[in-house]
Structure formats: structure tokens, C-alpha cells
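Dear colleague,

Please find the structure for your review below.

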Amino acid sequence: MTDESAAVFRIHRDVRFSANKDPYKTNSGVVLSRSGNKNDPGLLYFHLSPEECFFAAGFYAPDPIKLARLRTAATRSPKGFKAMAAKLKKTGLALSIEDSLKRAPRGFEAIQDPEIAAATRLKRMICLRPVGEAAIASPALADDFCAFAADALPLLKWGWDALADAR
């Protein structure tokens, strides 16, 4: 059984004594994880706001130890990492390179393979799929989310295995 507060996003903030009465959030989000906790590593996410709507999956803002394990897994088994990336590509997905480091982090400077070197510069390992305006109101939205989850599963499985590897 999980702590429900660990699985619920706050929608309002206490504005009783604040001059700023703006809403805490202007978007809605849904997270699915293996444990039900929104902070669990490796998750599926649905984001809905007036500005954008998308599905996401992966390892968003992992703590430094988890991020190091993900990076190490990519370097220790480049074939496994590339196979996962190829499966994503086959479904139209790719790891997001947004906010990547400009240089390799300490300990990963000597990586020669460009794809693996790029993976070590990632701050998070996620993939995204935009959701069009027409799809938001469609009864098939849940089916679209399930299809995205199936497409993103190679990333999640790879990452869960990487985090379980304590070497």
C-alpha cells in the first residue's frame, strides 16, 4: 500500500496570506508507476495544459546515484542501450536531448562512440509524444496512451534493469 500523498499532485497552494493569488498549477498531470508513487523511478506521464499536451515516459530528474547508474549502464552495455534506442526509433520515439550537458560528466570523458557519449550527457532519460488537440477530446485518448506506453516500454525496462544493477 502506498502513501496517497506520494501519488497525488498538489493543485492549489495556500494563498491566504500571500499577495500572489495565481494558481499553483495551470496544467493537469497523471503519473503511472510500478509502485503507484509519483516519485518512483521509471514512469509514464500524461500532461495537459492550455499550452501543450503530451505523453512522456522514462526517468525524469533521477537523483545523482540513479543517473550515474543509467549512464554507466549505457557505457557498460552499448549494444543493449542501442537496441533500446532502436526500438524507440522504430515507433517514432527518441530520448529527449533537451537540457543535455555540453560536456561529458566526470568519468565519462573517454567515451568514443557518439551515441553512447551523447547518452552520458543526458540529465534525464525520457521520451515524449505530443498529443494533438483533436486527440484530447477523443474517446480513443486512453487507447493512445496505452499505445504510447507499449512503445516506451523498452526504455522503461532498460532503465529498471540499469537501476537494479548494483555493480
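S49 lies in the loop that joins strand 2 (43–48) to strand 3 (53–59); strands are DSSP runs of E with at least two residues, numbered from the N terminus. The model is predicted: local features need pLDDT of at least 70 and side-chain atom pairs count only at pLDDT 80 or more, while totals for chains, interfaces and linings use all residues. Residues are numbered from 1 along each chain as its sequence is written, and side-chain values use heavy atoms, with hydrogens and water left out.

S49 has a relative accessible area of 12% and is therefore buried (under 20% relative accessible area, with a 1.4 Å probe and protein chains only). Leaving aside residues up to four places away in sequence, S49 touches T26 and N27, where contact means heavy atoms within 4.5 Å.

Across the whole structure, the search finds 5 aromatic pairs. Rings of Phe, Tyr and Trp (its six-membered ring) pair if their centres lie within 6.5 Å; planes under 30 degrees apart are stacked, over 60 edge-to-face, and the rest tilted. The ring centres of Y45 and F54 are 6.0 Å apart with planes at 55°, so this pair is tilted. Both Y45 and F54 are buried. F46 and F55 also form a tilted pair, because their centres are 5.5 Å apart and their planes stand at 45°. F46 is buried at a relative accessible area of 13%, and F55 is buried at 2%. Ring pairs join F46, F55, F145 and F148 into a cluster.

Finally, the charged end of R34 sits over the ring of W160, 4.1 Å from its centre (for Arg, CZ within 6 Å of the ring centre and within 35 degrees of the ring normal).

Yours sincerely

How values were computed
Buried means under 20% relative accessible area, exposed over 50%, partly exposed in between (1.4 Å probe, protein chains only). Helices (H or I, at least four residues) and strands (E, at least two) are DSSP runs, numbered from the N terminus.
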